[in-house]
Amino acid sequence: NIPILIHTLTINYLVMSPPVPEWLVRARDPHHQSVVIATLEEREQIRARARAPGKGRPLKLRHRLGTVPNPQEDNRLLQYYSVTAGSLPQNRVCNRYCDIEPYDRTLATSVGRYFNGNWVRELAGGRWYIATQAPLRETAHDFLSIVAGFQPLYPPDGTQPYSRVRTVVQLTEDVENGRRKADSYIPERGFFIVTPRHDRSDLPSLEIRLRDRTTYEDAFCTVRTVQISTVVKGQSKVIVFKHLLFHQWPDHGVPPPEAREGLMNFIRLVEQTNSDDSGEPKPESIPPIMVNCSAGVGRTGAFIALCSLLRSYELIGGAASQSSPTLTPTPLPPSPLGLLPEHLCWDRVALEVDALREQRPGMVQRIEQMQLIYEVFYTAFFNQDRNICGRIARS
């Protein structure tokens, strides 16, 4: 009897599925969230002031760490949050927005060239990403060179390098409200050639072809299979990657309520796509996902934070080491700002967002994006039974 089978398996699944964590129930309090947002913003303002000298702006580091200026402390902050590379005159043309420069400490590089992207690791889930702006026409070759892995990709923790990127996630439409947010580098048919910038004529041109295109309506997503062909040192090289475009996340906003379940489906699709060929993730072999919106900070940060939290409770994929929320991956470097205040350090969303902002400036830009993380993560604990019922009914 199908209805009885569905009911029985659903009850069993609910018993086995993780309960909503007590901390997450507490964290849904609006007053608590307002305190989190204000505290994280205060810490980000300190980082912003530390970044200012690298942009040629005056040093203004008087902050709550001490009313009397401490030259040694100030110098440590200046070095840790330096954005010198992105502020150099020859590199500013490569920045989509003049106020978004990547940290030098976690900078992702493209065959020795400056690239507005940072290595970012999940705090709870442990996986690596490359968080970046949407390519400009002038930087499309740099972007695709990282995807193709013309040089090994070294994460900043000194672990074993990755050979290439398998999956690219785009969270912005190319044009939104009449404004260009991303420059397209994928042909709709045939192929086109992407050439390097004039100052790197030693690098090969790239032939880009669209091999396949699939639409997933339940995930508001278009998946493109893209081929990069070139000649390196006299030898032909062909790389294939997946490009996943999410259609329901507007700039300066969040997915509408009716698209939240589709966002979860999209996150699962990204995880599945980035698994190995057998479909079984092997953490030591899974390459980093390259994620961009337009600036590569707001929507990009919220997406990575959600993936990390969902992974840490086995609601998607598996963590980089263990999928248990009781086991923590190798710690990220300690922040020179110290730990979050004790009254907030139990909130994993707050910890996650603060850790992301340590690795790339401005991650999770807006209040609505912070609230989205809490809401979607909380709802995910209740949607597991609905997902399994759907799978059983279809079978």
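**Aromatic pairs in the predicted model.** Rings of Phe, Tyr and Trp (for Trp, its six-membered ring) are called a pair if their centres lie within 6.5 Å, and a pair counts as stacked when the planes are under 30 degrees apart, as edge-to-face when they are over 60 degrees apart and as tilted otherwise. By this rule the count comes to 14 aromatic pairs. The model is predicted, so local features need pLDDT of at least 70 and side-chain atom pairs count only at pLDDT 80 or more, while totals for chains, interfaces and linings use all residues. Residues are numbered from 1 along each chain as its sequence is written, and side-chain values use heavy atoms, with hydrogens and water left out.

**Close-up of Trp23 and Phe377.** The two ring centres are 6.0 Å apart and the planes meet at 35 degrees, so this pair is tilted. Because Trp23 lies in helix α2 (residues 22-27) and Phe377 in helix α11 (residues 367-394), the pair ties together parts that are 354 residues apart in sequence; helices here are DSSP runs of H or I with at least four residues, numbered from the N terminus. Both Trp23 and Phe377 are buried, meaning under 20% relative accessible area with a 1.4 Å probe and protein chains only.

**Close-up of Tyr313 and Phe381.** This aromatic pair is edge-to-face, with 5.8 Å from centre to centre and 70 degrees between the planes. Both Tyr313 and Phe381 are buried, and together with Trp23 and Phe377 they form one aromatic cluster.

**Close-up of Arg26 and Trp346.** Arg26 lies over the face of Trp346, at 3.8 Å from the ring centre.

Conventions. Helix = DSSP H or I, 4+ residues; strand = E, 2+ residues; numbered from the N terminus. Buried < 20%, exposed > 50% of the residue type's maximum accessible area, 1.4 Å probe, protein only. Lys NZ or Arg CZ within 6 Å of the ring centre and 35° of its normal.
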